[in-house]
Amino acid sequence: MELIWLEDFAALAETGNFSRAAENRNVTQPAFSRRIRALEDWIGAPLFDRTANGVALTAAGQQFRGGADELIRRIIQLRREAREAGGKEAATLRFAATHALSFTFFPQWIRLLESRAPLGPVRLISDSMQACEELMLHGQAQFLLCHHHTAAPSRFGSQFRSVMVGRDALVPFCAPDETGAPRWTLAEGDTDIPYLSYSAESGLGRILESQRFIDRASGLREVFSARLAASLMPMARDGRGVAWLPETLAELEVAEGRLVRAGGPEWDVAVDIRVFRPAARQSLAAEGFWSELGAFRGPGEVEEIPDQAANA
């Protein structure tokens with residue numbers, strides 16, 4: 001059995017489509033299909049039901065998926081730890097961060113942490129929530145910085161832990177009209193409100209979906225979607241519709257009058273900013289960093305951070 005078979009399995013389970021999974025894995029579809037078949041032969045049971053509409057996990061595939069992601073992560077982590085022990089790789093702290101937080105929160109947060117104690121080399125990968133989760137599940141990042149809401153849990157289970165390091169809010173914003181008032185107002189029940197939404201890869205989209213704002217505001221009409229808040233913000237600023245944006249991201253646009261609230265506080269969604277990590281022990285550098293979080297007060301925080309990780 002080869003590691004690439006496990007990674008192929010994870011890609012196909014995620015996409016449900018051979019051609020998309022093969023493209024994500026940078027391999028031709030025939031070669032990808034042969035590797036999936038080789039894994040099934042090694043397991044001794046079919047892992048996927050193949051239909052004209054795509055593929056779905058069999059009962060055996062569902063059982064196998066429960067441990068495959070963790071196995072991939074552990075293999076990659078063990079390799080990295082061995083390289084570190086052998087002096088082949090520096091003890092770099094590897095972060096994944098959702099796109100908005102990588103611009104608004106991460107720089108100030110890491111600077112404050114570095115003022116307490118040297119952190120050593122830091123590597124940051126910025127992407128959508130879905131892509132960041134994949135990095136964590138496959139052991140390619142030690143920590144994930146993201147927005148979090150209890151009504152919209154992540155894909156992490158008991159094998160991961162988290163701690164809150166800040167707070168934010170998702171707020172409905174739109175462009176002002178010529179008088180400076182919002183072009184659309186949720187509170188007044190406008191019947192035709194263009195809605196700028198998040199695509200399925202977005203963690204912010206998951207959070208908003210859990211709040212069922214489309215049901216509450218029947219006048220919302222989806223006209224555009226994107227996976228990143230940074231893509232929705234200029235659309236809202238240009239008068240294309242209403243978007244729920246992180247308050248920290250839209251702060252400058254609001255201060256300069258290019259965005260205004262499209263609804264009162266009842267339309268806001270309070271969210272945590274959390275750092276996730278695997279429950280399994282990591283490198284000395286990573287464990288040293290984690291211990292520092294217990295006493296850290298993040299940007300905008302008003303309460304002490306708990307000295308133990310909160311369960312996701």
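**Note on cavities, pocket and helix contacts**

1. Six nonpolar, six polar and two charged residues make up the lining of the largest cavity. (Ala, Val, Leu, Ile, Met, Phe, Trp, Tyr, Cys and Pro count as nonpolar, Asp, Glu, Lys and Arg as charged, and the others, Gly among them, as polar.)

2. Basis of the note. This is a predicted model, in which local features need pLDDT of at least 70 and side-chain atom pairs count only at pLDDT 80 or more, while totals for chains, interfaces and linings use all residues. Residues are numbered from 1 along each chain as its sequence is written, and side-chain values use heavy atoms, without hydrogens or water.

3. Cavities. The structure holds three cavities of 30 Å³ or more, and the largest cavity contains about 130 Å³ of space. Its lining has 14 residues, of which T98, H99, S202, L204 and R227 are the closest to the centre. (On a 1 Å grid over the protein atoms alone, a cavity is a set of points where a 1.4 Å probe fits but cannot get out; lining residues have an atom within 4 Å of a point.) Helices α5 (99-104) and α8 (203-211) each give at least two residues to the lining of the largest cavity. (Helices are DSSP runs, H or I, of at least four residues, numbered from the N terminus.)

4. Largest pocket. About 460 Å³ of space lies in the largest pocket. The pocket is lined by 16 residues, and those closest to its centre are A11, N24, A131, E134 and H138. Two or more lining residues come from each of α1 and α7 (129-137); α1 has the largest share, with five residues. By class, the lining of the largest pocket has four nonpolar, six polar and six charged residues. (A pocket is an open set of points with protein on both sides within 12 Å along at least five of seven lines; a volume is the space filled by probe spheres set on the points, which are joined across faces, edges and corners.)

5. α1 with α3. Helix α1 (residues 3-15) and helix α3 (residues 29-43) have their axes 9 Å apart and pack at an angle of about 110°. They are therefore roughly perpendicular to each other (65 to 115 degrees). From α1, the residues I4, W5, D8, F9 and L12 meet F32, R35, I36, A38, L39 and W42 of α3 (contact means heavy atoms within 4.5 Å). Nine residues of this contact are nonpolar, none polar and two charged.

6. α6 with α12. The axes of helix α6 (residues 106-116) and helix α12 (residues 284-293) cross at roughly 95° and come within 11 Å. α6 and α12 are therefore roughly perpendicular to each other. W109, L113 and R116 of α6 meet F289, E292 and L293 of α12. The contact of α6 with α12 comprises four nonpolar, no polar and two charged residues.

7. α10 with α11. Helix α10 (residues 229-237) and helix α11 (residues 247-255) have axes that come within 11 Å and cross at roughly 25°. (Axes are lines fitted to C-alpha atoms, for helices over the stretch in contact, and angles run from 0 to 180 degrees between N-to-C directions.) α10 and α11 are therefore roughly parallel to each other (under 35 degrees). The contact involves A229, A230, M233 and R237 of α10 and L249, A250 and E253 of α11. Five of these residues are nonpolar, none polar and two charged.

Technical notes:
Angles under 35 degrees count as roughly parallel, over 145 as roughly antiparallel, 65 to 115 as roughly perpendicular and the rest as oblique.
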